[in-house]
Amino acid sequence: MIAKAKWLLLTAFVIFFQTSWSQSDAYTDKHRPQIHFSPKKGWMNDPNGMVYLNGKYHLFYQHNPDKPVWGPMHWGHAVSTDLVHWEELPIALYPDALGTIFSGSAVIDKDNTAGFGANAMVAIYTSHSHAMEKDGFDKIETQSIAYSLDEGKTWTKYKGNPVVPNPGIRDFRDPKVMWYEPAQKWIMTLAVTDHIDFYSSPDLKNWTKESEFGKNLGAHGGVWECPDLFPLSLNGEEVWVLIVNINPGGPNGGSAAQYFTGKFDGHVFTPNETDTKWIDYGPDDYAGITWSNTGDRKIFLGWMSNWMYANVVPTEKWRSANTIARDLSIEKAGGKYLVRSVPSPEISRLYTKNYTAKNVKVKNLDVTAKAGQLTGGAELKFDSDELKAFNIVLSNNNGEKVVIGYDKAANNYFIDRSASGKSDFHKDFTNTLTAPRLSANKNADIILVIDDASVELFADGGLSVMTAIFFPQSNYTDITITSTEKLTIKNLVFNHLNSAWK
Ligand code: FRU
């Protein structure tokens, strides 16, 4: 009896030890982001089906569970109550006879329009048939739906799939669906090669094409993918934002997210301006879209990589993380409607030690000496009455560094990762990355979100945004700010961030 109890105790101890070991071990491997979501193992690309329900932010994502490279797509699943701490859950959607599960969205069907049940979580995604692709068919992408009555844990695919058949177009995918209140119908925004198709439906099952947008507008250096459509309010004025991801053809090469602002009447999108604008000018924020069911608040999340090199970046068990969650708002500057992105305020849940200073004249400011070494995530914020050239340098003892700054002559923000660490996996990884300064204000404010393998720059209240990843031999420990023009920082705040995995 005693021997049996001992044996049970020992087994329980071994199981406990193994689970706690594998839990923390999964997030301590090399280049593993500490404040961003990444899958424990395998491959991840686009965020999918982002939807808020009963206090939880659901994140589904393009996932190849078996290998850390793109392959047969499933929808992985994670949840968070605060947008910074994530719990990875079992896979939500598996490939089926119609194909693998490409990108799409999810909605909460409050009024049971589809008949799956009130408050059903309904996923609308692209079925991509590799079998038909091999046989040289064009009609390989169709739109399908699935529903869950237990908050995304288990899913039933709709028997009548596909709900939008393919009209004979190869690239026909990534449905983003929203409820359009004035006409009491669902609107699907679909990426179709070089333009957007809008469809409408009373019940998520029967779809009618409403209109097309964008064939000759915006950037066309690559295929249009992963769109999003939603209204934002600007002092009571309703401004519709249409996000259209594009690959390649981004402002710094490869993939990126452009956007249009305008009007939408339930049938047609009419743009305010037709010049190309980017949600994020950096190379590593792709396929970004917003959460559904969050009311007037619009929260955006992107995939923090670029199709140029996503499959070959130097991580081992897993590949790719997401950006941090960002709150979007609209602003009118220089007669144009511009989208601002700023870190969602929930990032403050990770704050630990902080250092603040006022009225600092910056020539060569050793932030590390005052605030302590970088030990994972950090957030640096400063503002100034007059923006001047500056460099923020993150570095380690191996002589590796990444430089984030403002070039006054060019009126550009930039990120230089030419000496950032491992970069031989792609010839263009070391190119200097730039973003135009869109604000015309004399004053400026800067937020930098730093992780072990990435930096996200939000300048001028989030009008100019850049995201870039990097792979140093050892994590950066030091941070300095230099200025050839003696920048005066009015308020400097440096927040160390706790790991989201501990
Ligand atoms: C964008 C994308 C989508 C597609 C998915 C496939 O990164 O190419 O258009 O649905 O990835 O994984």
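Let me begin with the largest cavity, whose lining takes at least three residues from each of domain 1 (31–343) and domain 2 (351–497), the domain bounds coming from an automatic or database domain assignment. This is a predicted model, in which local features need pLDDT of at least 70 and side-chain atom pairs count only at pLDDT 80 or more, while totals for chains, interfaces and linings use all residues. Residues are numbered from 1 along each chain as its sequence is written, and side-chain values use heavy atoms, with hydrogens and water left out.

By a cavity I mean a set of points, on a 1 Å grid over the protein atoms alone, where a 1.4 Å probe fits but cannot get out, and its lining residues have an atom within 4 Å of a point. Grid points are joined across faces, edges and corners, and a volume is the space filled by probe spheres set on the points. On those terms, a search of the whole structure gives four cavities of 30 Å³ or more.

The largest cavity holds about 120 Å³ of space, and among its 13 lining residues Met304, Ser320, Ala321, Ile469 and Phe471 lie nearest the centre. That lining divides into eight nonpolar, five polar and no charged residues, where Ala, Val, Leu, Ile, Met, Phe, Trp, Tyr, Cys and Pro count as nonpolar, Asp, Glu, Lys and Arg as charged, and the others, Gly among them, as polar. For the second largest cavity the volume is about 100 Å³, and of its 13 lining residues Leu83, Val84, Thr323, Ile324 and Ala325 lie nearest the centre; here the division is nine nonpolar, four polar and no charged.

Ile469 also belongs to strand 31, which brings me to that element. Is strand 31 covered on one side or on both faces? Ser464, Met466 and Ala468 on one side, and Val465, Thr467 and Ile469 on the other, are all buried, buried meaning under 20% relative accessible area, exposed over 50% and partly exposed in between, with a 1.4 Å probe and protein chains only. Because six of the six residues of strand 31 (residues 464–469) are buried, the strand is largely enclosed by the rest of the structure. Strands here are DSSP runs of E with at least two residues, numbered from the N terminus, and two of them pair if DSSP finds at least two bridges between them. Strand 31 pairs with strand 30 (residues 454–459) in the antiparallel sense over six bridges, and one of the bridge pairs is Phe458 with Val465. Four residues lie between the strands of this hairpin, where Asp460 takes a positive phi near 55°.

Elsewhere, an open sheet of four strands runs in the order 9-10-11-12 with antiparallel pairing. Strand 9 (172–180) and strand 12 (208–213) stand at its edges with a single partner strand each, so one side of each is left without a neighbour in the sheet. Strand 11 (residues 195–201) and strand 12 run antiparallel and are joined by five bridges, with Asp197 partnered by Glu212. In the loop between these two strands lies Leu204, a residue other than glycine with a positive phi near 70°; at 0% relative accessibility, Leu204 counts as buried.

Finally, the peptide bond from Asn161 to Pro162 is cis, with omega near 0°, and Pro162 sits in the loop between strand 8 (156–157) and strand 9.

Notes
1 Å grid on protein atoms, 1.4 Å probe; cavity = no way out; pocket = protein on both sides within 12 Å on 5 of 7 lines; lining within 4 Å.
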